[in-house]
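User: Could you walk me through how to read helix packing and burial in a model?

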Amino acid sequence: MKKIIPWSQAHFVSNEKFHLNKAFDSTWVSGGEYVEKFEKEFCKYIKSDFAISVNNGTSAIHLAYLALKLKAGDEIIIPSFGYLAAANLALLMNLKPVFADVDLDTFCVNFSSIKKKITKKTKLIVVINTYGNVCDLRPILKLAKLKKINVLEDSAESLGSKYYNKNSGILADIGTFSFQATKTITTGEGGMVITKKNKEFKDLLNLYRNHGIKNKRYMHLVPGHNFRLTNLQAAIGYTQLKNFNKILKNRKKSYNLYKKLLQNIKGIKLQKFQSNVRPLVWTMAMVLDKNIFGSRDSIIKKMLKKKIETRNGFYSTNRLKIFKKFHSKDLKNSDYLSRNVICLPLFNGIKNSQIKYIAKCLINLRK
Ligand SMILES: Cc1ncc(COP(=O)(O)O)c(C=O)c1O
C-alpha cells in the first residue's frame, strides 16, 4: 500500500545527531553550552543583538506578555485569522483580545482594520506572519509609534522571510519564533524571543523565563515561569541553523515547482506576497473556488483518499466559542479564508515527484 504523503515532516539536514550526542554525553541535559551557542547563532542569522531561547513558540509570546507587564483588562489587537496562540494567551491572562481582519490575498492583518480597533486601552498590537508571508509592517509601526503602542511580530511561520530586505521577526519591538516539528527549523519543541527594547525589558525576559530568579539561588524576584529550552534541543537547533541555507534552498525549490504547476489553474488562488516581501514559504496555502472544486472540506477528504494529507486554514476567531465575548461583525475576510483555504504538503525534503503527484490530484478534483 502506498504510504501517505504527510502535510509536514521534520527533516534533519546534517550532523544534528553528532551535536545531540555531544550534548547528551556532556550530561548537561537541561541547561548547557548549546543553549548559548544556539542563541548566539540565532542573533547572527537574524541580525539582532539579543535572543532568548524558550521551550516553544507559545511560551515565547507568553514571556513577552509577562515582560511587558500586561494586566487584566488591557486590550491587545490580534488578527482574527492566523494561528491563535497569542489570542489564547490573552484569554489565559484575562487580557482583552480585540480582533482585526486580514487581507484576502496575503492572509496578513489589515492596516485599516488595526487602525479602527485602537483605543486608549490598547497596549499591544500582535501581527502574525502567516504561512511565511510578512505583514506590511511599515504603516503599522508608524501608527504604533505615534500612539506609543508596542508591536509584537509573531514569526513562528516566517523564519527566513524578508520584508524590505530585513529578516522577519526583527522589524517590530518584539519578535517571536517557534521551532516545533513542522516549522522551518525544528528543535522538536522550542522557541525564541528577540527584541529591540531596552535592557530593563531584556532583564525581565530573562527573569520570567527562569522562575523569577537572577543570581541568588531560590531568590524569586518576580513570580516567574520555567520556559527554558534544553541543551539537547538547542544542539539540534544550532545544527539546523548552521545549515539554514540548505533548508532555504530546498524549500524555495519546492515552492517554485508548486507555483509553476498551480498558479494558472482556474479555481485556485495562491497566497499572494507583496513585492516588498521575499518569502520563505512555510506551507503551500491557497484559496479554492467552491464553484469549481466544491467545498474545501470535501477536497481534504478526497485528497486523503489519494494518500495526501492536507490541512484546512485556521478557524477565524468568529467561528470559535472560546472567543464568543469578542466576536465582531467586521471580520468577513477572516471568515471567508477560514472556510476556503487549504494547505498542501511542503516540508524540507519533499520530493519533486511528490509535488507533481499532489498538484495533479488537486487539479483533477475540479468538478
Ligand atoms: C503563528 C504561530 N504562532 C505561535 C505558534 C505556537 O508555537 P508552538 O507550537 O511552538 O507553541 C505557532 C505554531 O504552532 C504559530 O504557527
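Analyst: Happy to! This is a predicted model, where local features need pLDDT of at least 70, side-chain atom pairs count only at pLDDT 80 or more, and totals for chains, interfaces and linings use all residues. Residues are numbered from 1 along each chain as its sequence is written.

User: How do I read the packing of α1 and α8, and at what angle do they pack?

Analyst: Two packed helices are described by the angle between their axes and the distance between the axes. Here, helix α1 (residues 16-25) and helix α8 (residues 231-242) pack at about 155°, with their axes 8 Å apart. The axes are lines fitted to C-alpha atoms over the stretch in contact, and angles run from 0 to 180 degrees between N-to-C directions. The two helices are therefore roughly antiparallel, a term for angles over 145 degrees.

User: Which residues in α1 meet α8?

Analyst: Contact means C-beta atoms, placed from the backbone, within 7 Å. E16, H19, L20, K22, A23 and F24 in α1 meet residues of α8 including L232, A235 and Y238.

User: And burial: which residues of α11 are buried?

Analyst: A residue is buried if 20 or more other C-beta atoms lie within 10 Å of its own, exposed if 12 or fewer, and partly exposed in between. In helix α11 (residues 296-305), R296, I299 and M303 are buried. They cover an arc of only 50° around the axis, so they sit on the same side of α11. On the other side, D297, S298, K301, L304 and K305 are exposed.

Notes: Helices (H or I, at least four residues) and strands (E, at least two) are DSSP runs, numbered from the N terminus. The arc is that of the directions from the helix axis to the C-beta atoms. Angles under 35 degrees count as roughly parallel, over 145 as roughly antiparallel, 65 to 115 as roughly perpendicular and the rest as oblique. Two residues are in contact if their C-beta atoms, placed from the backbone, lie within 7 Å.
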